[in-house]
Amino acid sequence: MDYPLSRRPRRLRTTPALRELTAETQLRPADFILPMFIADGLDQPNPISSMPGVYQHTFDSLIRTAEQALEQGVRCVDLFGVPLPADKDETGSQAWAENGILNRGISHLRKEFGDELLIMADTCLDEFTSHGHCGLLDGDGGVLNDVTVDRYVEMAVSQAAAGAHLVSPSGMMDGQVAAIREGLDSAGFHDVAIMAYSAKYASAFFGPFREAVGSSLQGDRRTYQQDPANRRESLLEVQLDIDEGADFVMVKPALSYLDIISEVAEFSPVPVAAYQVSGEYAMIQAAGSNGWVDRDAVMMEALLSIKRAGANQILTYFATDAARLLNQG
Ligand code: PBG
């Protein structure tokens, strides 16, 4: 005998058409931001072993890879610079040098793509400092806040001058967003937007990124990035960045922090981005290439989950591949 159920939720799952009709979340290629690495002194792209499929780029391969992303409907790239080891110093001065590798990468992209492709620049010193920290150090190895923020302002202005549409302060210094906004405005860059890394955790999921940028870091970033134990602290960080004028706020990493994304999405009046970081990418690639999971299916499920949690934009090394799958239906 049939049960007299008044509700049968399976009814809406019976056919692909019904499932599509009732899907609450959709990914679009334009949701994705592709992080990329431009490296100095290369004559060919250098594969990053812990991130299969991701490269340190030459100027040529940077343009080609950005072109492939754009062809699939990805409209934004996030550029990181990898200087020659000999060009690193205590203050990270190549970060704001007009001919520093990151600024040369930005202007190359801008010349090639104009406004077709949004160019976002990483605004942080860690790739450029000899000690690998995101800021300047005091005599005891502590990371100084306010003088570091001054360097970020100089860096952001140089990135805007090189052609960046967006700057993205990722160093978790207090007051960085307000200072950068003021610096950009007084240099005439009112339309350069700030994507603030607002809730950024001191995460082991960043592991492969350290190889990607040839990081010199010893130790950790726990005096400036957040403790993974904390939730409330993220709400404060995000609120401060909104008050300081952030155009976007970001949560990073993504998959282990869906609760944070969701809470931020509840109250943020500005778009909320999430960064699926290097370790998240590496784990999916590794399990996929071992045949332990279906790589494409897991990739799309992870991205969908990040969007369902409330992220509007997703920074992901999968951007082009995921967009291609979406375009193929
Ligand atoms: C530092 C920075 C990091 C990442 C982006 N910007 C590393 C860190 O904070 O140690 C990590 C990105 C990733 O893991 O994919 N400015």
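This report describes the ligand site of a predicted model and several residues of its chain.

## Basis of the model

The structure is a predicted model, in which local features need pLDDT of at least 70 and side-chain atom pairs count only at pLDDT 80 or more, while totals for chains, interfaces and linings use all residues. Residues are numbered from 1 along each chain as its sequence is written, and side-chain values use heavy atoms, with hydrogens and water left out.

## The ligand and its surroundings

The ligand has 16 residues around it, and those that come nearest are Arg210, Gln225, Lys252, Ser278 and Tyr317; a residue is near a molecule if one of its heavy atoms lies within 4 Å of it. By class, the shell holds seven nonpolar, three polar and six charged residues. Here Ala, Val, Leu, Ile, Met, Phe, Trp, Tyr, Cys and Pro count as nonpolar, Asp, Glu, Lys and Arg as charged, and the others, Gly among them, as polar.

In the side chain of arginine 221, an N or O atom is 2.7 Å from an oxygen atom of the ligand. The side chain of glutamine 225 likewise has an N or O atom 2.7 Å from an oxygen atom of the ligand. For lysine 252, a polar side-chain atom lies 3.3 Å from a nitrogen atom of the ligand. On its own the ligand has 400 Å² of accessible area, and the protein covers 100% of this (Shrake-Rupley method, 1.4 Å probe).

## Backbone features

Proline 253 belongs to the loop between β8 (248–252) and α8 (258–267). Helices (H or I, at least four residues) and strands (E, at least two) are DSSP runs, numbered from the N terminus.

Methionine 172 is not a glycine, yet its phi is positive, at about 60°. This residue is in the loop between β6 (166–169) and α5 (176–186). Methionine 172 is buried, its relative accessible area being 6%; buried means under 20% and exposed over 50%, with a 1.4 Å probe and protein chains only.

Alanine 17 is part of helix α1 (residues 16–21) and is exposed, with a relative accessible area of 58%.

Serine 61, in helix α2 (residues 59–71), is buried, with a relative accessible area of 2%. The C-alpha atoms of serine 61 and proline 45 are separated by 6.6 Å, with the residues 16 apart along the chain.

Methods: A polar contact is a pair of N or O atoms within 3.5 Å; within protein, one must be able to donate a hydrogen and the other to accept it, and residues adjacent in sequence count only if both atoms are side-chain atoms.
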